[in-house]
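Subject: Structure handover

Hi,

Here is the structure I promised to pass on. My notes follow below it.

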Amino acid sequence: MKIGSLFDLLTGQTDGAPLPPGAAGRRNMLLLIQLRWFAVVGQALTIAVVHWGYGIPLPLGWLLLAPTVLVVLNLVSLPLVRRRLAITDGEIFTALCIDAGALTWLLYFSGGASNPFSALFVMQIVLAAVLLRRRYVWIFVLGTSAIMAALALMHRPLLLPEGADERLGLLMQGAIINFMLIAVLLAAFVSRTIRNVRARDAWMAESRQQAAEHEHIVRMGLLASGAAHELGTPLASISVLLGDWRHIAAIKDDPELLADVEQMQSEVDRCKSIVTNILMAAGAARGQSPRVMRLSSFLGEVVQEWHERGSTALKVEQIGPSPHDPFIIADEALRQVLSALIDNAAEAEAGSLVLNAVADGEQIILTFLDDGPGIPQQILSRLGQPYQSTKGRAGAGLGLFLLVNTMRTLGGEVVASNRREGGASVQLRLPTEALAPK
């Protein structure tokens, strides 16, 4: 197994997943802990090789104190960090200072600044530059520089045995080993640290995008609620006029005209229902308590209402929910986006659509499977962004945008893809508690 893969396994790192700043700090702290294990092993091996292999007497009691402290620190901090959701820059700075202190202790008893392993301070400075904010970095740089100056003046010299300089040069060997150690650790560790930083930046960019989309939703909501208020009066007037027309003899006696009036009345009633739902979603109409029903009944109503107004040959089949059928609040926004998904399948000229519902104690999964032409790749790659559509008309492309944002508001997510056998798959996942009656 590669060292990089080992780091990923130990820290649970995944590529490309956006991370909030605190979560990125947590992963970086876990990486520091893993690096500290490597440091402890390297320190113990180095002390053993120098003392027994090269015959250079070392104060073993003092030197072994540093790796012992690091082992105890790791054993104490690892379970604490795993329970935390976020780690701050200050905590990472403290951890780096402890590691620098341990290295200082080892160098003091092994030749000071002349020890080739003093270059390990460079690696710690690189880690600080990658992990921390600027003020912490410069504090760390000044601190390690002061330590190196002090080690040049105050240290215990190594007592080299006679003829030690003839063994290929001990300092040269130490420099080569130190270079290889730093190169391997930097390649394996810093690359993953940078990945965490990029994941944090991606999370921040995604948060800004969501904020912009939320502002767009708010503006649309204000516009929609204002339009709904304005449409209420003319729709009521049209409904009254249609009621009067039914009693006109010329229309009453003509079956075709009467059927047209009935159709017009049905469409007006549907418009009034849409207006009412918009006002309820905007908080402007609260004349009735939220409806509580079984999930199966809610989905059945969505499918039935679409069939009643559908003008295409699309066949919609509902499967489930299984293994449970929980009581939910009939969320009007969710009802509208589910209906919009069926509309999309119909507009794509799909022949059939299957709504498969799965519900357990933790989440509800609604999967829409159609046999249409599928979702264009440019739409899939920018799923949830407004006005992404191939319909070529003004205002198109808001359906999936509203769907994604409605699911995000409910704490869920949308996963869309194209099926191998043809057609599209749109899966909605949301926590059961988001729709659970209070």
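**The sheet around β7**

β5 and β7 run antiparallel and are joined by seven bridges. Within that pairing, Phe 368 has Val 426 of β7 as its bridge partner. Please keep in mind that this is a predicted model.

On its other pairing, β7 (residues 424-431) meets β6. That pair is antiparallel too, with six bridges. Ser 417 faces Ser 425 in β7. Glu 413 is opposite Arg 429 in β7.

β6 and β7 also make a hairpin, and five residues lie between the two strands. Look at Gly 422 in the turn: its phi is positive, at about 105 degrees.

Now the sheet as a whole. It is open and has five strands, in the order β2-β4-β5-β7-β6. The pairing is mixed. The edges are β2 (315-323) and β6 (413-418). Each has a single partner strand, so one side of each is left without a neighbour in the sheet. Neighbouring strands are turned by 15 degrees against each other on average, with direction ignored.

How many of the eight residues of β7 are buried? Six are, so β7 is largely enclosed by the rest of the structure. Buried here means under 20% relative accessible area.

**The helix across it**

Helix α12 spans residues 332-347. Which strands does α12 lie across? They are β2, β4 (352-359), β5 (363-370) and β7. Against β5, the helix runs at about 15 degrees.

**The whole chain**

Stepping back, here are the totals. The chain holds 14 helices and seven strands. It has 438 residues, and 37% of them count as buried.

The contacts can be split by sequence separation.

Follow its seven bridges to β5, then its six bridges to β6. After that, turn to α12, which lies across β7 as well as β2, β4 and β5.

Best wishes

Definitions and conventions:
Residues are numbered from 1 along each chain as its sequence is written. This is a predicted model: local features need pLDDT of at least 70, side-chain atom pairs count only at pLDDT 80 or more; totals for chains, interfaces and linings use all residues. Side-chain values use heavy atoms; hydrogens and water are left out. Two strands pair if DSSP finds at least two bridges between them. Helices (H or I, at least four residues) and strands (E, at least two) are DSSP runs, numbered from the N terminus. Axes are lines fitted to C-alpha atoms, for helices over the stretch in contact, and angles run from 0 to 180 degrees between N-to-C directions. Contact means heavy atoms within 4.5 Å. Buried means under 20% relative accessible area, exposed over 50%, partly exposed in between (1.4 Å probe, protein chains only).
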